[in-house]
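Here is a short briefing to read alongside the structure. Have the viewer open, and follow the topics below one by one.

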Amino acid sequence: MKIYEFTYLIHPDISREDINSLQNKIESFIKEEKGSIIKTNPPVKKRLAYLIKKNKEAFLTDLTFSLEPEKLNNLNKKIKSEKKILRYLIFKKKILKKKLLVPYKRKVKPKVKPKVKVELKEIEKKLEEILGE
């Protein structure tokens, strides 16, 4: 089974009871196809960016469900028959794998001993020894 998210816009002129019955109907469509509902969100009235079927507003809601990919076409046909749904979108959700949290290890720089200051006289002596003067 794969996990899908179904987001849809409902006609703004219907009552809350009709919205609830429509949501129950969609859930029953999914259960008829032997799918399972994972999460549902309540509908929220939104102003649309552009007219959809001559409507400026709509109820926006979504639900997450799991279903066999072969049965998705049957579900699509059932949803298209609903006239109260202005527009909908079904897409497959990716399941993010949890990464193991590894503590951050900082690169440790090797400790350098502080250099001792050398006087100019000592440098001159070393140079004389090397050059053999």
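Start with the turn: in the hairpin of E3 and E4, two residues lie between the strands, and Lys-53 takes a positive phi near 50 degrees. Please keep in mind that this is a predicted model. From the hairpin, the tour moves on to a helix and then to the aromatic rings.

**The hairpin**
- Strand E3 (residues 44–52) and strand E4 (residues 55–67) run antiparallel and are joined by five bridges.
- Ile-52 has Asn-55 in E4 as its bridge partner.

**Helix H1**
- H1 (residues 16–32) is built from 17 residues, and the distance from its first C-alpha to its last is 24 Å, close to the 24 Å expected at 1.5 Å a residue.
- The buried residues in H1 are Ile-19, Leu-22, Gln-23, Ile-26, Glu-27, Phe-29 and Ile-30.
- These residues sit on the same side of H1, because they cover an arc of only 150 degrees around the axis.
- Glu-17 and Lys-31, on the other side of H1, are exposed.
- Packed against the buried residues of H1 are strand E1 (2–10), strand E2 (36–40), E4, helix H2 (72–80) and strand E5 (85–92).
- Lys-34, which follows H1, has a positive phi near 65 degrees.

**Aromatic rings**
- There are three aromatic pairs in the structure.
- The rings of Phe-6 and Tyr-8 are stacked, because their centres are 4.5 Å apart and their planes are at 20 degrees.
- Phe-6 and Tyr-8 are both buried.
- Together with Tyr-88, Phe-6 and Tyr-8 form one aromatic cluster.

Note on methods: Residues are numbered from 1 along each chain as its sequence is written. This is a predicted model: local features need pLDDT of at least 70, side-chain atom pairs count only at pLDDT 80 or more; totals for chains, interfaces and linings use all residues. Side-chain values use heavy atoms; hydrogens and water are left out. Two strands pair if DSSP finds at least two bridges between them. Helices (H or I, at least four residues) and strands (E, at least two) are DSSP runs, numbered from the N terminus. The expected span of a helix is 1.5 Å times one less than its number of residues. Buried means under 20% relative accessible area, exposed over 50%, partly exposed in between (1.4 Å probe, protein chains only). The arc is that of the directions from the helix axis to the C-beta atoms. Contact means heavy atoms within 4.5 Å. Rings of Phe, Tyr and Trp (its six-membered ring) pair if their centres lie within 6.5 Å; planes under 30 degrees apart count as stacked, over 60 as edge-to-face and the rest as tilted.
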